[in-house]
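Dear colleague,

Here is the structure I said I would pass on. My notes follow below it.

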Amino acid sequence: MINKDLVIIGGGSAGLAAAIKARQEGIKDILIIEKDGNLGGILNQCIHNGFGLEIFNEELTGPEYAYRFKQIVKDKKIEYLLNTSILSLDKGFFIKYINESGVSICHAKCIIFAGGCYEKNAGAINLMGDRPSGIFTAGCAQKYINIKGYMPAKKVVILGSGDIGLITARRMTLEGANVLAVLEIMPYSNGLNRNIKQCLDDFNIPLYLSYTVKKVIGKSRLEKIIAGKVDENLNFIDGEEIEFDCDTLLLSVGLVPNISILNNLGIEVSSAKGPKVDEIMQTNVSGLFAAGNCVHVHDLVDFVTNEGYLAGFGAALYLKNQLKEDLNIDVVARNNVSYVVPNKIKYSSNKELEFKFRVKKPCKNVDIIIKNNDKIIKKVYKLALLPSQMENIKINTTNSPLKDGMITIDIETRA
Amino acid sequence: MKELTCIVCPRGCHLYIDDNLKVSGNFCKRGETYAIEELTHPSRILTTTMRIENRNSKLVCVKTNKKIPKEKMLDVMNEINNQTAKAPCKIGDTAIENILGLGVDIIFTSEVD
Amino acid sequence: MQDIIIVGGGIIGVMIARKLSQYDLNVLLIEKENDVGNVTSMANSAIIHSGYDPIPGTLKAKLNVLGNKQFDLICKQLDVDFKRIGTITVCLDENDVFKLEALKNRASENNVEAFLLSKEELLKLEPNLSDNVVKGLFCPSGGIIDPFNLCVHCMENACENGVKLHLNEEVINISKDGELFSVVTNKDSYKCKIVINAAGYNADKIASFIEKIDFDIIPRKGEYFVLDHFDDSFLNHVIFTLPTNKGKGVLISKTTSNNYIIGPSSEICLKDDYSCDKLTLDSVKISASKMFKNIPFNQTIRTFAGIRATPSTHDFIIEPAKSDKYFINVAGIESPGLVSSPAIADYVIDNLISPILVLKKKKNYNPNVRKYVHFLKLSLDEQNELIKKDKDFSKIICNCEKVTLGEVKDVLNRYVKPQTIKAIKKRTRAGFGKCQSGFCQANVLDILANYYHVSPLEILYDKNGSNIIYSLTKNNGDKND
C-alpha cells in the first residue's frame with residue numbers, strides 16, 4: 001500500500017488548480033489521479049475559445065487553457081498518474097485505483113475530489129418515442145468530432161440551449177452539418193448571450209423557445225423529431241407541433257455532478273447535487289474536499305480554477321493542522337435561489353467569503369440579500385439574473401463577525 | 001438605433017448603437033470596440049482541428065491568430081481541411097501562414113509529440 | 001443438409017439449440033437480427049418466475065415450474081448471473097384478499113412453495129412497501145437473471161458443441177420438397193428434415209409458410225423504467241401487483257446488476273413498435289408507487305419497451321403443424337417464457353423430436369462455457385495476476401460500470417461475436433451506467449472498428465442501418481453522402 005498526504009482525484013481544471021495551490025502552500029506529498037491519457041479533463045475536447053478571460057485576461061481555447069496549468073504541475077514536479085481509474089474509495093480514505101501497473105491501494109491523509117460532471121441523457125429526461133441511433137449528448141458528439149475526427153451527423157436538431165449545445169451547433173455547422181434548430185423547453189435560453197449570438201445567429205440557426213421534443217421517430221437511425229410547444233407549466237399545447245426531418249438529436253439538457261464514487265464515504269448532498277461543502281470546500285467528511293463541477297456545475301472554467309485553488313488552500317490548512325472550527329453556520333438558499341455554495345461556514349479566521357449560487361427562474365430588478373440570523377450583511381442590486389449564470393457575492397467579515405446560526409440568501413424584486 | 005449582444009466576454013452585454021455609431025449598454029470599453037467592428041466589418045476567431053501528416057487519423061487543434069472576416073469562415077475551414085500539419089506540433093507555432101492571403105496565420109492550440 | 005433448422009435466436013431458439021447440441025445432429029439456427037436474444041428476450045422483466053400464477057394444467061404452469069428448477073445448474077454451466085431473491089405479490093385492498101388466496105391455491109396446485117404473509121411480516125421483509133399493503137404472497141423460488149448473457153452464453157455453448165449460427169439472415173419462405181424442407185432466406189437456401197419455428201412474435205408468419213394456421217400472435221408492448229444503482233438495500237425481492245387479465249401487472253425489482261426495473265405496461269401494439277410513451281409510463285409510475293414507497297424516479301437512466309408474443313390461445317403453442325409433424329411450432333411464448341425456456345426445450349425434444357428422429361448422445365458434449373471474466377468481482381491478487389498476463393484488463397473502458405478493455409476483448413473472441421455497440425453493452429455492461437455511454441461510446445466504437453478491421457463508418461449502434469458515423473472530418477465532403 002502507498003501512503004500520500006494529499007490525493008487529488010481528477011486532473012481537470014479543478015484538480016490541477018487544487019494541486020498547484022496545495023503545493024504553493026507547502027504540501028509536498030501530492031498525487032493527482034487522472035483517468036484519461038492526458039491532464040486537462042474535458043477542456044481537451046473543448047477546442048473553442050473563450051476560456052481564461054477572468055484569470056488570464058485573454059481568450060484561450062480549452063486545450064491552451066489546460067496546457068498552462070499542466071505546465072505548472074510539471075514545473076512544480078507534482079506527481080500524477082494518467083490512464084488511472086478509481087475502482088473504489090472507502091472510509092478511512094483507502095483509494096483503490098487501476099492502471100497498467102495493476103490494481104493498487106493508496107491511503108491518503110486528505111483527498112480533494114475533482115471528478116467533474118456528466119451530461120443528462122435521453123434516459124434521464126424520459127425522451128419519448130423510438131430508440132434509434134443518432135441521439136447523442138452534446139459532449140459525446142464533441143468527442144466524436146474534435147477528438148476522433150468522426151462526423152456523426154448530417155441534419156441536426158439540438159435539444160437544450162445550454163452552452164455546450166450552442167457551441168456544438170457551431171462546430172457541427174463548420175464541419176458541414178446542417179443544424180435545423182435548437183429547441184429550449186424554457187421560455188428563455190440557458191446559454192450565454194454571446195453564444196446565442198456567435199454560435200446560432202452567425203449561422204442563422206433558429207432557436208425555438210418553449211419547445212421540446214415530443215416524440216423521437218426512427219427504427220434504426222433517427223428519422224424525425226416531433227417538437228411540441230409547451231405552456232408555462234411545461235405541458236404540451238395541442239396542435240402546436242413542428243416536425244423536423246433529421247438524423248441526429250443532440251442533447252444539451254444539463255450537467256450533473258458525478259459523485260457516485262463518494263457513496264461509501266457518507267457525504268451529504270446539496271440541492272446542486274454535489275457534496276455539501278464549507279467555505280474552504282471541505283465536505284461533511286473531515287479531510288475530504290471537493291471542487292469544480294462535481295460540487296456544482298459552473299459556466300466558466302475560470303471559476304472552476306478558483307474553486308480548485310480554494311480547495312487546495314483548504315486541504316493544505318487541514319494537513320498542516322491549522323483549521324480551528326469555531327463557527328457553526330448553515331448557509332441556506334431561499335425563494336428563487338436554487339442552490340448556494342458553500343453550505344456551511346465553520347472558521348471565523350476566514351474573513352473573505354464568497355457565495356456562489358444560481359436563481360431558479362430569470363428575474364429582473366432585484367436585490368440579492370444576504371442575512372446572518374435576520375441581520376442583513378450584504379445587499380446587492382442586480383438588473384437581471386438568469387439561471388444560466390452563476391452569481392458570486394463576496395463578503396468581508398472583518399468588521400462584523402458572523403454569528404452561529406444561519407446565513408440566508410434571498411432574492412427580492414424591487415417595486 | 002441598432003441592438004447587439006456583445007460577445008467579448010461571458011457577461012454578454014446588450015448594446016445599443018445609434019446612427020452615429022455611438023455605443024451604450026456596454027459594461028467596458030471592449031464592448032464599444034466590438035459594436036463598431038460588428039457593424040462595420042464583423043469578424044471572428046475560428047477554432048477547428050487539422051489532420052496530421054502520416055499520423056493516421058490523429059488531429060491537432062488550431063485557431064486563427066487574429067479575427068477573420070465572418071463571411072470568410074467557411075472558406076478558411078475548407079482550406080484548413082485541405083492541408084495537413086506536420087508533427088511535432090507546439091502550441092502557438094504556425095500551422096498555415098497567411099491563410100487565403102488574409103494576413104492571418106493558423107496556429108496550433110494543442111500539443112502533439 | 002441439416003437435420004434441424006431452428007428459426008429464431010431468442011431464448012427459446014437458443015435453449016433448444018443448446019439442448020440439441022448434446023446429440024449427434026446437424027443443427028443450424030437462423031436469426032434475422034445481428035445478435036441472438038435481441039428482440040423480446042432482451043426487453044423483459046428478467047424474472048425467473050416461481051410458477052404460482054399460471055392456471056394449473058396449462059403448459060405455462062407445467063413448464064414454468066419445471067423450467068424454474070433448472071436455472072441453478074444452467075446458470076452455473078453458462079456463467080450467467082442469477083439470484084433466487086424470491087417474489088412477493090402484494091394485495092393493496094382488503095376486498096382483493098380473496099384473489100391473493102386464490103393465487104395461493106394455484107401455487108399449491110402447481111406445486112410451488114408459497115406463503116401468505118401479514119402486513120407486519122411483509123414490512124419486515126420490505127420496509128419500503130406501501131402503507132396500504134394488506135397481505136402478500138411470498139414465493140421463495142422466484143429469482144432474477146441477466147437475460148442478455150443467458151441468451152448469448154447459451155448460444156455460445158450450443159456453438160461450441162457444433163450448432164451453426166447464422167445471424168443477419170431472414171427466412172423468407174419454407175416449403176416441403178419430398179421428405180425435406182427447403183428453407184429459403186434472404187441469403188441462401190437450406191434443406192433439412194425438421195424445422196423448429198421459434199420466431200417469437202413472427203412465429204405466425206413462419207408457421208403460415210407451411211399451412212393455414214388457426215392461432216394468432218398478438219404483439220403486446222410493455223414499457224419499463226430502469227433506475228441507476230443507488231442503495232442496494234432499497235428493495236430485496238421482486239414485488240408484483242396482483243395479476244390482471246392483461247398480464248402479471250406492474251412489478252418492481254432489482255436486477256442482477258443492482259439496478260432497479262419498474263414496469264411493464266401492457267398494450268396491444270404493432271410488431272416493430274418499441275416506442276415509449278409518456279402517458280403509459282406515467283401509469284406505470286402510479287401503479288408502482290401504489291405498492292412501493294419513495295421510488296426515486298429521478299434516478300431513471302433509461303426507459304424502454306419490449307414486446308410480448310401473446311398467443312390467441314392463451315397458452316404456449318408447442319406442437320407440430322397440423323399437416324406436418326416435422327414442422328414444429330414453438331409459438332406464443334409470452335411470460336413466463338424466459339423461465340419456461342429450458343423446460344420448453346426438453347418438451348420439444350422429448351415429445352416432438354425424439355419420436356421422429358433418432359437421437360444419439362455425443363461423447364464429447366461439454367455443457368460449460370469457458371469462464372467469463374468479471375473483473376470487479378475478483379480479489380485484488382486475482383486482478384493483479386490477470387493484469388500481469390494481459391494489460392487490457394487494466395484499462396477501464398466504461399467508468400460508470402467499471403468495465404475493462406480485457407472484458408470487451410474477451411467477449412469479442414467468442415463464438416457469438418458482438419457486432420454492435422449494443423451487443424457489447426449487453427454482454428459487458430459498457431454504456432449501461434448513468435452516463436448511458438456519453439463518455440465511452442466513441443471508444444467502444446473504435447474498439448469494434450479495430451477488431452473487425454472496418455471503417456468507423458461501418459459500426460452499428462444496434463439494428464442494421466443504425467450506423468453512428470457518416471464521414472470523417474477534414475474530408476471535404478469526399479465521403480459525405
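A strand here is a DSSP run of E of at least two residues, and a helix is a run of H or I of at least four, both numbered from the N terminus. Two strands pair if DSSP finds at least two bridges between them.

This is a predicted model, in which local features need pLDDT of at least 70 and side-chain atom pairs count only at pLDDT 80 or more, while totals for chains, interfaces and linings use all residues. Residues are numbered from 1 along each chain as its sequence is written, and chains are lettered from A and ligands numbered from 1 in the order in which they are written.

Strand 16 of chain C

Strand 15 (residues 251-254) of chain C pairs with strand 16 in the antiparallel sense over four bridges. Five residues lie between these strands in their hairpin, where C:N258 takes a positive phi near 60°. Strand 13 (residues 217-227) of chain C is also antiparallel to strand 16 of chain C, joined by three bridges. C:I262 in strand 16 stands opposite C:I252 and also opposite C:F225.

Chains A and B

In the contact between these chains, 21 residues of chain B meet 20 residues of chain A (contact: C-beta atoms, placed from the backbone, within 7 Å). Strand 5 (47-52) and strand 6 (59-64) of chain B are the elements that give two or more residues to chain B's side.

Domains of chain A

Chain A is divided into domain 1 (1-119 + 255-323), domain 2 (121-253) and domain 3 (327-415), with bounds from an automatic or database domain assignment. The C-alpha centres of domains 1 and 2 of chain A lie 31 Å apart.

Regards

Note on methods:
Contact = placed C-beta atoms within 7 Å.
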